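Open the model in your viewer and keep the sequence panel beside it.

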Amino acid sequence: MRIPEALLTRDVLLSLLLVGSVSLALGAGTWAFLQDTDRSQENALVGGTLDLKLDGADTATAAFGLTDAKPTDSASHNFTITNEGDVAADHVELSFGFAENDTGVAEPTDTDLYAELNGSETASLIKVTQFEYRNDSGAVVEDLLSGVSDENGNGVVDLQDVQSQGSSLDGLPAPQPNGANATYLVIAVEIVNDDGSSFVAGGNIEGNLTGYDEDFMGDGVNVTIKVTLNQDASQ
Amino acid sequence: MSRSRIPLSGLLPVVMICTCLATFQGAAAFYADAAATRENAVAGGVLDVKLSEVGPATQESTTDETRSDAVRDTWEDANHATDGSETVSNVLAVNNSASDLVADRANLTISFVENDSGIGATAGNAPNTSRTIGITKFTYAGTDLLASAVADENGNDRIDLEDLTLGETASNLSSLSGLGATEAANVSLSLSGEAGLLSGVGSGDGVDVTVSVTLHAASFADRDASIDNTVRYG
């Protein structure tokens, strides 16, 4: 029997379409890449902390001071520095400053005594007798006054001198993390005494200073010490 | 002109480099924490003595000045009797009420300079004149200084103006008791001159007396004074 040519062509085309469709379906399945998903849960990525405390707080307010002060009056404080965080610090940095604060008593009305001083002039009449950094056992590891000279020439090392020459002190040993130990900053000040052997009466007459301790009457400063705990030596 | 196009896949290395840089930068930011101590106030008190003329005043002495840093004519008699029959007296109040500091000691300093008048006066005899002016009363804060602090320093067997300026007496007067803040104490002084006690002293001879009061608080010191106290024989 002879198959008509038209019928043959149609059957071939249908067969090819069927094979092609199956092949496409199979091919698509072959090209789909394998994928599998699984979850690793509760892998917490938590940063450590560096938490500096000064006398147990972030800010130690009015830790030391003198008001209505007269010559030879003194004040001191031993600040406790701790790292309550869990990250070890490399070193401690100190910055020291003061600002005028005349909110105490008014200047005397006696013209022989009246001398309205600015903060820096007032600071020159406040002697710094001790400024030390100590380790956990209380031993002095850095005498912060050792490099400070009597720059203003009044015979004593005072707040003005310290501010001028040692306002930023870096590279001091850091306390251990988790409050494991402490370091200490000790500061002591004393109002200058122009009868004292070291004071040079008239040695500093810049600005509104007459060179005598009576200039200090009615004037004052607020002392600020900022302590920074740094994690890395590069800081 | 054909435009070259960067295939999307070519951006992948750039993105990866940026990601690495960002990651590296994050790793270099180290921790730092700061704490500070603030408001550590250091301020000076005030020691400011004031003087007032209290009275009762005699002769030409005045009571017209109060709470001042300098008073005048507290003990004034420019026509003083030569025979010792007159006394010049007044009370000077030493007031610490302008202070907020306690004065730990007081210092009285007496001095004089010649102040003559008229043709009968002898020039250059202020010390002699002062030796003829007797001190009949001298107290501070209720303490009789004539009994406790003053001696016959010049050895002329009487207590006179010059004695107050010399030796142990001057030293004693420099360490009198202090005054609390806002407190006051009186200085009472009476002078009585008699020109005839020494030859060469007579009418027209006189001195200007200065009575200085210094209060001390440690090395704080404030000195005020009564000045122009002329005692001159008439």
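Which residue in β4(A) stands opposite A:Leu52? Select A:Leu52 and look across: the residue facing it is A:Asn83. This is a predicted model, so read each stop as a description of a prediction.

Next, select residues 74–83 of chain A, which make up strand β4. Strand β4 of chain A pairs with β1(A) in the antiparallel sense, over three bridges.

Now show chain B and turn to the interface. Here 60 residues of chain A are in contact with 31 residues of chain B. The two chains bury about 3,600 Å² between them, and carbon and sulfur atoms give 53% of that area. Pick out A:Lys70, A:Asp110 and A:Met217: they supply 13% of the area that chain A buries against chain B, more than any other three residues.

Polar pairs are the next thing to display. The rule finds 30 residue pairs in polar contact across the interface of chain A and chain B, with both residues at pLDDT 80 or more. The count of salt bridges between the two chains is zero.

Which elements of chain A give two or more residues to the side that touches chain B? They are β1, β2 (59–61), β3 (66–69) and β10 (220–230). Of these, select β10(A), which gives eleven residues, the largest share of that side. By residue class, the side of chain A that touches chain B divides into 27 nonpolar, 20 polar and 13 charged.

For one facing pair, select A:Thr228 and B:Ala34; the latter lies in β1(B).

Two backbone stops remain. Most residues other than glycine have a negative phi, and most peptide bonds are trans.

- Select A:Asp55, in the loop between β1 and β2 of chain A. Its phi is near 55°, a positive value in a residue other than glycine.
- Select B:Gly55 and B:Pro56, which are joined by a cis peptide bond with omega about 5°. B:Pro56 is in the loop between β2 (50–53) and β3 (70–72) of chain B.

Note on methods: Residues numbered from 1 in each chain as written. Chains lettered and ligands numbered in written order. Predicted model: local features only at pLDDT ≥ 70, side-chain atom pairs only at ≥ 80, totals over all residues. Heavy atoms only, no water. Pairing = 2+ DSSP bridges. Helix = DSSP H or I, 4+ residues; strand = E, 2+ residues; numbered from the N terminus. Contact = heavy atoms within 4.5 Å. Buried area = accessible area lost by both parts, 1.4 Å probe. Salt bridge = Lys/Arg side-chain N within 4 Å of Asp/Glu carboxyl O. Polar contact = N/O pair within 3.5 Å; in protein donor to acceptor, adjacent residues only side chain to side chain. Nonpolar A, V, L, I, M, F, W, Y, C, P; charged D, E, K, R; others polar.
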